[in-house]
Amino acid sequence: MFTLAEVASLSDIQPTYRILKPWWDVFMDYLAVVMLMVAIFAGTMQLTKDQVVCLPVLQSTVNSKVQPDTSGKADFTTVETTTGQEEASLRTVSFGSVPTVTPDILSSPTSSQYQPTESGQELKKEQKDSSGRKTNLDFQQYVFINQMCYHLALPWYSKYFPYLVLIHTIILIVSSNFWFKYPKTCSKIEHFVSILGKCFESPWTTKALSETACEDSEENKQRLTGAQSLPKYVSTSSDEGSPSASTPMITKSGFKFSADKPMIEIPSVTILDKKDGEQAKALFEKVRKFRAHVEDSDLIYKLYVGQTVIKTVKFIFILCYTANFVNTISFEHICNPKVEHLIGYTQFECTHNMAYMLKKLLISYISLICVYGFICLYTLFWLFRIPLKEYSFEKVREESSFSDIPDVKNDFAFLLHMVDQYDQLYSKRFGVFLSEVSENKLRGISLNHEWTYEKLRQHVSRNAQDKQELHLFMLSGVPDAVFDLTDLDVLKLELIPEAKITAKISQMTNLQELHLYHCPAKVEQTAFSFLRDHLRCLHVKFTDVAEIPAWVYLLKTLRELYLIGNLNSENNKMIGLESLRELRHLKILHVKSNLTKIPPNITDVAPHLTKLVIHNDGTKLVVLNSLKKMTNVAELELQNCELERIPHAIFSLSNLQELDLKSNSIRTIEEIISFQHLKRLTCLKLWHNKIVSIPSSITHIKNLESLYLSNNKLETLPAAVFSLQKLRCLDVSYNSIAVIPVEIGLLQNLQHFHITGNKVDVLPKQLFKCVKLRTLSLGQNCITSIPDKVSQLLQLTYLELKGNCLDRLPATLGQCQLLRKSGLIVEDHLFDALPSEVKEVLNQDTSIPFANGI
């Protein structure tokens, strides 16, 4: 027999799991415990008390009793009860005085062998004095027959009733708690209960609900006015109560800031400890992962339904067969053991001592099973009456500002339905951790804790333009303290998905440049008004054109716009930018993308643009007709656009001053003659192409001051190049030029000459007639000597000679007054071979002579 403690361990569920046990499961557990006690009580009584007591039925007595009966009821085997008087007579039997006899003797109790030696009078006297009937059976024989009749005469249900109750109860207990034990469900349940408990106890849950509940009700407003006497840091402890007077409410769109003045007051939720904030952020991540893990299946629901169906079927089975056997438990039974050769009697009358008690226990058991069954039927009704695979947080959304709490499904929904049977407050508090609004709000609070004004001030640096710059990278949002940096000139926000620019930005009166790198920032109305009137330069880096914030196209005072990202759709058709017509003051437009044609909307600002830069990623730019409308463009860059020739549309840009066609596939520039119509063109950059020759028509570009032809396939420099008298910069580096023409001496205004990475071996003396040279790059050639006339270059500040075949440097380098060691790029051994006085001159402080040279 099992003890109660051993069997109860089958239903030993952790106390934390009680939130998943609705009232019917709890009630059925108690019913199972009561049934278990009935089984143990009945089994204990069967073991501790005599099971049956049997006495033989005397044949003579039976015959004498049945002789008067003429109705044919003389067969004693059909008799099941006797009168109380007969029972008393059967029980008054003496065992000690009866000698042991053989079966033959017992089979004939009137045999002559038992005739006493005394006279008949003595025999009559002895029979007269004795009370009861003699059976001539000893104690062992009674024990034997009791055991036999227990198994033969008693119905099986009377013998095994306690064990059946125990087995049934154990099965019901196992069925009730199987979903807590099954490996594929218990892990999810354990994880869910753990997360739910932490969400319920999290300080963030209390603060989030207490500050957002009932925000739109008039009753809440009255409470706010009545609570003005409370300190600002005090918030209500009730989850459904109203916040304190100083607590700002959260609307569906997030925080609200006043349009008249920036919000300086810190919400009371910011008193959340840093440790609590970190724990809450971890809970958001856990809930997100748990939802993704559980929502994809309905195993827990099916398992619960299955075990409920099993319990219902079990109830019906128990009730059906128990009702048939309830009347078989009786007090008296007739036993025919067929051991006449051992006992001498063929029939015994037995009493089942436990019959009365077992019958009462059986009736109690049936009553408990009926109650258990009705609860199972109710459970099935509950399971199939409502869609438990769907759970809506509509009520929570109505009571709080977290209107984005999503509805859940499958096992996640079922677990929440079960929790609601315990306490609906659990689901309400749990819903806070499903809301992105709540998560963003928490991130903002934690962010403000971490990024204080002092910490942000330490990250402010000065850029190349000597402006104060702050770069924030991969944060959860924009800290409020950023807007207190009133002297900031440049603000860079990179990889901040929930960036929000509040009204406090109006304090940053020096801010004129904003960078948004993969950061679709949201701007409040007051903040937008400030940016519209003060922002001058905006950089936007994006993955898809839809990520560009809509407010960008409304910045009327914007002068520079830099767009970096994909501007083509899947079908390689242009996704037009939103209208740029409002950008009336836009002067510079920089587009780094994969364009196949000039975006049509760029023409909206074409009359105002002075600089257009298009950097492609290698995608061929085919359609360029829109360029003709940009009559005021002074600088045009078309880089990496796979251009094979100079576009004809460029020749219509009468105001063009600088043209950059870097990194294309241009092989010939015969069209360069058309540049003679561009009277203002001063800078032409054709570097990093495949140009093999320069046409003589280049001489018609008389106003050209800078010519960049590096990284091409040039082998010679035509004399026409040196007829450009205004040329100040000539870059032909990294070609295959072997000779520097002597006509170079005609360029009296030349200040920068770069011919690094060619095949030059001799420097013409005419080169040193260009006395205005300040930069001379001759590295990586085949030059063997430097003429002494290098001393004529009095304004030379940079001389590159490294990578040649030089064996010495001319001592006249010391006469180049502005040249210093830092500007002399040459091998160390050549520099060390110079005379000491020359080295002293080159090692002098560069500040004063350089200033005089300027």
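A disulfide here is a pair of cysteine sulfur atoms within 2.5 Å. The model is predicted, so local features need pLDDT of at least 70 and side-chain atom pairs pLDDT 80 or more, while totals for chains, interfaces and linings use all residues. Residues are numbered from 1 along each chain as its sequence is written, and side-chain values use heavy atoms, without hydrogens and water.

**View 1. Disulfide pairing along the chain.** The count is 2 disulfides. With the bonded cysteines numbered in sequence order, they pair 1-4, 2-3.

**View 2. The link of cysteine 54 and cysteine 350.** The two sulfur atoms lie 1.9 Å apart. The link is right-handed, with 110° about the S-S bond. Cysteine 54 sits in strand β1 (residues 52–56) and cysteine 350 in strand β3 (residues 348–352), 296 residues apart. Strands are DSSP runs of E, at least two residues; helices are runs of H or I, at least four; both are numbered from the N terminus.

**View 3. The link of cysteine 149 and cysteine 335.** The S to S distance is 2.2 Å. At -90° about the S-S bond, this link is left-handed. Cysteine 149 belongs to helix α7 (residues 139–152) and cysteine 335 to strand β2 (residues 332–335), so the pair ties together parts 186 residues apart in sequence. Cysteine 149 and cysteine 335 are buried.

**View 4. Cysteine 805 and cysteine 816.** The closest cysteine sulfur to that of cysteine 805 is in cysteine 782; at 5.6 Å, it is too far for a bond. Cysteine 805 is partly exposed, at 47% relative accessible area. Cysteine 816 is buried, at 0%.

Note on methods:
Buried means under 20% relative accessible area, exposed over 50%, partly exposed in between (1.4 Å probe, protein chains only).
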